[in-house]
Amino acid sequence: MKQRIALILTGGGARAAYQVGVLKAISEMLPRRARNPFPIICGTSAGALNAATLAVNARSFRKGVQYLLDIWKNFHANQVYRTDAAGVFNNTILWIAGVFSSAVGISKLKQVSLLDNSPLVELLDELLPCEKIQESIDSDYLYALSITASGYGSGESVTFYQGSQAIEPWHRTGRVGIPTQIEIKHLLASSALPFIFPATLINREYFGDGSMRQIAPIGTALNLGATRVLVIGVTSNSYSDHVEREDIADYPSLAKIAGHALNSIFLDSMEVDLERVRKINSLVAMMTEEMRQRSNLKHVDVLVISPSQPIEKIAAQHADELPWTIRLLLRLVGARQHSSSTLVSYLLSEKKFCRSLINLGYQDTINRREEIMHFLELHGHGDLPQ
C-alpha cells in the first residue's frame, strides 16, 4: 500500500493560530522549495481555514505556511465578525427577540447567532481561491482535502472531500463522506461555532461547526487513504489538574457554561478517537499476519502535537485587546469573571494573542524536532515520502 501521511487540523476559533506556529516549524525542517508533505489534509472548524490554505498552496509548502503567517500575525476580530456597536448589539437584540417570538409561536427563530461573521465571508472570498484546490490535486501535490461540518437537520457529521477519484464515499453510523468541490461555504459551515456564528446552508441542509458530533476525526483520514496521521490540536489536557478551585461552589456564569461546552466539543471526540486507535494498535500487535488480513485491521502511526501551556491562561492575559463592544457583551454573560476565560479564548482574534499562540506552537514543535522528522521520514537532505 502506498504510504500517505495525513494532517489533521482541529477546531477552536482563534486557537487555530497555534497550528500556524507548528506548521512554520515543520516548514523549516524541509527544503525551502519542498512540496506539501501531507498528501491528505483534513480540516475542521477554524482548522478548515488553515487546511484549505495549505491545499491551495500545495505546490510550495513554505509559501502556504507563510501565507497563513501573514494572515494570523496581523489578525483583528473585525476581520472575523462585526465588532461595531450596531453590528454587535443589533444582532444580539434580534437573536433575543427571535428566541421569545419563537417561544410564543409568533414566528420562527431566524437569527440564531450572537455575532455576525459577514467580515469572514468577505475575507475568505478575497484571500482563498478555492478553484486552485483541484489544480493541486491534478498536479499530484495533493491527494485529498476534507472539510467536516455538522448537519443540524440530519444530526450527522458530514465530511465534504475533494480528491482522487479512487476515494470511495463512506457511510458509517452518524458520519458520512461526500465527494464535492470545496467552496467557501464549506469552510464557513465547518467553522460556525454553535450559538456564536450563524449556520450555513449547503444544498438543502443547514450546517454548523464540524467538531460537533465528530466522533472519529482520525477515521476520516483513514477513509481517505492515510497510513500515518499527524494531529495538531489546540487544547491542552496537561493542566486540567491545576484549575483554580476556590470558587468551585459558585453557580457558573453563562460564559463559564459556554466555555465548558465548547471545550467538550473540541476536545472529547479527538481524545476518544486517539484512545480507540491506541487500543487497536495494541490488538494488532498481538495478532498474526493471517489474523490481521482476515480482520482487516492494521497498525496506524499517530503523532499528536498540542499546546504545552493552557491557552485559556494566555487568553486571559490578552482579553483587554478585544474591541470594547465584544468586551461589554462578554461581561454581560460573565466572561470577565475569574476563571471564565475559556470562551474568550475562542473569540480573541487579535494579533498579539495570535502571535503568542504562533510562538507557542513553533517552540513546542522545535522541542520535538527529532521525533517529528522521524515521523515524517525526513532523512539527510529532507527527502519526503511520495
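**Helix H3**

I began with helix H3: at 1.5 Å a residue, its 12 residues should span 16 Å, and its end C-alpha atoms are 17 Å apart, which agrees. The expected span here is 1.5 Å times one less than the number of residues. Helices are DSSP runs of H or I with at least four residues, strands are runs of E with at least two, and both are numbered from the N terminus.

I noted that this is a predicted model, in which local features need pLDDT of at least 70 and side-chain atom pairs count only at pLDDT 80 or more, while totals for chains, interfaces and linings use all residues. Residues are numbered from 1 along each chain as its sequence is written, and side-chain values use heavy atoms, with hydrogens and water left out.

Which residues of H3 are buried? I found Phe61, Gly64, Val65, Leu68, Leu69 and Trp72. They cover an arc of only 140 degrees around the axis, so they lie on the same side of H3. The arc is that of the directions from the helix axis to the C-beta atoms. Buried means under 20% relative accessible area, exposed means over 50%, and partly exposed is in between, with a 1.4 Å probe and protein chains only.

I then looked up what the buried residues of H3 pack against: H1, helix H2 (46-56) and helix H14 (351-366). Contact means heavy atoms within 4.5 Å.

**Helix H1**

The 13 residues of H1 should span 18 Å at 1.5 Å a residue, and the end C-alpha atoms are 19 Å apart, which agrees. Of these 13 residues, 11 are buried, so H1 is largely enclosed by the rest of the structure. The buried residues of H1 include Ala17, Tyr18, Val20, Leu23, Ile26 and Met29.

**Aromatic pairs**

I looked for rings of Phe, Tyr and Trp (its six-membered ring) whose centres lie within 6.5 Å; planes under 30 degrees apart count as stacked, over 60 as edge-to-face and the rest as tilted. By this rule I have five aromatic pairs. One of them is Phe38 with Phe61, edge-to-face, at 6.0 Å centre to centre and 65 degrees between the planes. This pair links distant parts of the chain, 23 residues apart: Phe38 is in the loop between helix H1 (17-29) and strand S2 (40-44), and Phe61 is in helix H3 (residues 61-72). Both Phe38 and Phe61 are buried.

Phe160 and Phe207 form an edge-to-face pair, with 5.5 Å centre to centre and 70 degrees between the planes. This pair also links distant parts of the chain: Phe160 belongs to strand S4 (residues 157-163) and Phe207 to strand S8 (residues 205-208), 47 residues apart. Phe160 counts as buried because its relative accessibility is 4%. Phe207 is buried, with a relative accessible area of 4%.

**Charges over rings**

I count a charge as sitting over a ring if NZ of Lys or CZ of Arg is within 6 Å of the ring centre and within 35 degrees of the ring normal. Lys24 lies over the face of Tyr362, 4.8 Å from the ring centre. Arg228 has its charged end over the ring of Phe375, 5.7 Å from the centre.

**Loop residues**

Is Ser45 buried or exposed? Ser45 is buried, with a relative accessible area of 1%. I placed Ser45 in the loop between S2 and H2. Ser45 is not a glycine, yet its phi is positive, at about 55 degrees.

Asp140, also a residue other than glycine, has a positive phi near 65 degrees. Asp140 lies in the loop between helix H6 (132-138) and strand S3 (144-151). Asp140 counts as partly exposed because its relative accessibility is 49%.

I found Asn117 in the loop between helix H4 (85-103) and helix H5 (118-127). Asn117 is buried, with a relative accessible area of 10%. Leaving aside neighbours within four places in sequence, Asn117 is in contact with Val80, Tyr81, Leu188, Phe197 and Pro198.

**Whole chain**

The protein chain has 15 helices and 10 strands. Buried residues make up 52% of its 386 residues. Among contacts with a separation of 6 or more, 77% are between residues 24 or more positions apart.
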